[in-house]
Amino acid sequence: MEGLWTRIALRLWVALILLFLFTPIALIFVYAFNTSNIQSWPIPGFTLKWFTSTWNDPDVRRSLALSLQVGLGATALALVLGSCAAFAIHRMTWFGREFVSLMFVLPLALPGIVTGIALNAAFSFGGISLSTLTIVVGHTTFCIVVVYNNVLARLRRTQGSLIEAAMDLGANGFQVLRDITLPLISTAVVAGAMLAFALSFDEVIVTTFTAGAQNTLPLWIFGAIRLGQRLPEVNVVVSFVILVTIIPVVIAARLTGGGGTARVPAAR
Amino acid sequence: MTEAEPKKAALKLQGVRKNYGQVVAVAGIDLVVNEGEFFTLLGPSGSGKTTLLRLIAGFERPDAGRIELGGRDITSVPPHLRDTNTVFQDYALFPHMSVAENIGYGLKVKGVPRSARQKRVERALAMVRLTALGNRRPNQLSGGQRQRVALARAVVNEPEVLLLDEPLGALDLKLRQEMQIELKQIQQEVGITFVYVTHDQEEALTMSDRMAVMANGQIEQVGSPVEVYERPATEFVAGFIGISNVLLRDGVRFVVRPEKIRMLAEGEVPEPGMTVEPGQVEDVVYVGMTTRYIVRLDRGEQLVAVRQNMDAVGDAHKFQGRPVRLAWTANHTFVLDDGR
């Protein structure tokens with residue numbers, strides 16, 4: 001049992017770290033309500049006018065539409081490819097399994113700039129002009145990883161005998177998949193999809209290299225900041241992006257955390 | 001061999017063999033299990049008993065040999081088309097289904113209509129005394145209750161043969177003993193052929209109609225519990241089931257069970273025909289119902305003799321270190337035909 005002072009010191013330390021991490025983000029939220037378009041502290045007053053102007057900004061709307069499109073497209077592709085890859089790796093008993101698994105995970109670890117340049121080079125090599133589709137492909141490379149990791153982790157935690165038990169009771173391959181495997185991994189699949197969408201929604205670097213003339217929301221933010229224009233609107237958009245990326249992450253954590261483990265009874 | 005009336009074979013294995021790489025798991029087994037029989041595969045871990053069960057269930061394909069179920073060759077039939085059901089060691093209950101859904105799953109995939117299914121599930125729940133728990137999830141049940149659900153889920157399909165893979169292994173002693181009796185009762189009630197895998201000799205002796213003792217992927221002996229215990233065919237069987245006292249006298253190797261050995265009191269005259277050998281008590285072990293005397297014979301071997309604790313408390317220890325005479329009759333010994 002640590003002493004009283006140690007406990008107080010520890011709590012203070014944790015509080016400082018949290019302040020360090022979240023003060024800048026909180027500032028953005030506060031500035032989104034700033035009546036002045038100059039960022040200064042303290043803010044002169046609260047207003048919602050930037051929300052209206054942002055919502056009515058056609059550039060922001062176009063970017064939002066593109067971000068949603070790309071996010072949903074990349075998530076859908078990642079769901080199919082990531083789940084299939086996880087199934088394949090889980091079943092494989094080949095000695096090169098760990099290597100193949102590493103290759104699947106690598107895109108997440110690679111610096112975005114490497115992935116971005118490589119994709120850009122590949123697209124121009126193949127004579128493919130940059131479009132929404134190329135952004136989707138670019139995002140899919142790292143979205144696959146989170147789906148793959150989540151599904152594989154769940155498959156590994158699932159008792160192997162459950163599949164055998166279902167076969168033993170007369171279920172054919174399709175019935176085993178429908179009645180046993182998919183329900184058992186469903187929360188992991190959903191969690192993977194949520195994380196994939198969140199990753200895609202705030203991605204900048206790979207997008208820069210795979211987008212043509214179009215702007216996703218993060219690219220719009222990037223551009224606006226560089227030009228030093230419409231900063232109050234940037235604050236609104238950033239606040240929105242933060243919410244859209246945090247909420248799925250929280251849901252995903254709940255799905256794979258407490259709720260997820262309760263579904264798999266400990267094998268004793 | 002056990003009874004005169006001829007019985008129909010529920011399960012027939014011919015030359016069944018299974019290797020994992022260099023390791024021989026099942027080394028050519030011939031076996032017939034009769035209809036309605038409680039048949040046990042008994043052996044230490046690594047003896048191949050679980051592999052044999054998995055071969056019967058269809059989870060593994062034999063490298064050689066033939067498996068017949070109810071007269072039909074099922075050697076290459078996949079598990080979901082075999083008329084066998086398995087009670088798994090870890091129960092393998094579906095965590096996302098209720099108890100009733102678990103039990104009804106086999107009937108559901110076989111297309112049994114809903115109302116008929118419900119009735120059979122209810123009957124199965126009643127059989128394992130879990131009527132009130134149909135709506136629970138498996139993770140809301142105790143170990144013993146899960147075990148019953150696993151049993152009900154298998155029995156409800158009325159398979160030709162029910163396979164049980166150490167189903168009581170995860171339960172504590174008291175519960176295990178209760179379940180042994182209950183399992184046997186259920187088996188007699190439903191009349192399904194049981195093939196039961198265990199490493200627990202007592203379990204095998206208590207429950208089986210017949211049993212096969214396995215070692216190194218082979219069957220050492222098949223017989224009723226009495227036959228296997230009283231007339232073990234090999235030294236391995238004698239040693240694996242109960243305590244074996246193996247002696248070599250006049251070139252003949254034989255076994256005397258500890259409870260058949262009498263310790264003669266000082267000056268006591270042995271009954272006619274008894275063999276008497278002197279020795280010294282090396283150790284006295286109190287095991288509750290009985291006391292075990294470990295005796296070093298003057299001729300060198302160590303024998304274990306067992307006596308029921310009917311005497312006054314604590315007087316057993318006075319034998320420690322004392323010279324004794326052990327006596328047994330010839331018809332309580334049995335010669336080992338080890339082929340040696």
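Me: Is B:Ala152 buried or exposed?
Reply: B:Ala152 has 25 other C-beta atoms within 10 Å. The rule is that 20 or more other C-beta atoms within 10 Å of a residue's own make it buried, 12 or fewer make it exposed, and anything in between is partly exposed, with C-beta atoms placed from the backbone. With its 25, B:Ala152 is therefore buried.

Me: Before we go on, what kind of model is this?
Reply: Residues are numbered from 1 along each chain as its sequence is written, while chains are lettered from A and ligands numbered from 1 in the order in which they are written. Local features need pLDDT of at least 70, side-chain atom pairs count only at pLDDT 80 or more, and totals for chains, interfaces and linings use all residues, since the model is predicted.

Me: Which residues is B:Ala152 in contact with, leaving aside its neighbours within four places in sequence?
Reply: Contact means that two C-beta atoms, placed from the backbone, lie within 7 Å. The whole list is B:Ile103, B:Ala124, B:Leu125, B:Met127 and B:Val128.

Me: B:Arg129 isn't a glycine, so what is its phi?
Reply: Most residues other than glycine have a negative phi. B:Arg129 is exposed, with 12 other C-beta atoms within 10 Å. Its phi is positive, near 55°.

Me: And B:Glu166, is that one buried or exposed?
Reply: B:Glu166 also has a positive phi, about 40°, without being a glycine. B:Glu166 sits in the loop between β7 (161-165) and α5 (173-190) of chain B. Because 20 other C-beta atoms lie within 10 Å, B:Glu166 is buried.

Me: Zooming out, how far apart are the centres of domain 1 and domain 2 of chain B?
Reply: Chain B has eight helices and 18 strands, and its C-alpha atoms fill a box of roughly 75 × 45 × 40 Å along the principal axes. The domain assignment, automatic or from a database, gives domain 1 (9-237) and domain 2 (246-335). Taken over C-alpha atoms, the separation of their centres is 39 Å.

Me: What percentage of the residues in chain A are buried?
Reply: Chain A has twelve helices and zero strands, with a C-alpha trace spanning about 70 × 65 × 30 Å along its principal axes. Of its contacts with a separation of 6 or more, 78% come from residues 24 or more positions apart. Among the 268 residues of chain A, the buried share is 34%.

Me: Which element gives the largest share of the side of chain B that touches chain A?
Reply: The contact takes 21 residues from chain B and 21 residues from chain A. On the chain B side, β6 (84-87) and α2 (99-109) each supply at least two residues. The largest share, three residues, is from α2(B).

Me: How do those chain B residues divide by class?
Reply: Ala, Val, Leu, Ile, Met, Phe, Trp, Tyr, Cys and Pro count as nonpolar, Asp, Glu, Lys and Arg as charged, and the others, Gly among them, as polar. For the side of chain B that touches chain A, that gives eleven nonpolar, eight polar and two charged.

Me: How are α1(A) and α11(A) oriented to each other?
Reply: The axes of α1 (residues 4-31) and α11 (residues 231-256) of chain A come within 8 Å and cross at roughly 125°. Such axes are lines fitted to C-alpha atoms over the stretch in contact, with angles from 0 to 180 degrees between N-to-C directions. Under 35 degrees counts as roughly parallel, over 145 as roughly antiparallel, 65 to 115 as roughly perpendicular and the rest as oblique. α1(A) and α11(A) are therefore oblique.

Me: What is the handedness of the crossing of α3(A) and α6(A)?
Reply: The axes of α3 (residues 58-91) and α6 (residues 132-157) of chain A come within 5 Å and cross at roughly 40°. A crossing is left-handed if the near helix is turned anticlockwise from the far one by less than a right angle, and right-handed if clockwise. The crossing of α3(A) and α6(A) is right-handed.

Key:
Helices (H or I, at least four residues) and strands (E, at least two) are DSSP runs, numbered from the N terminus.
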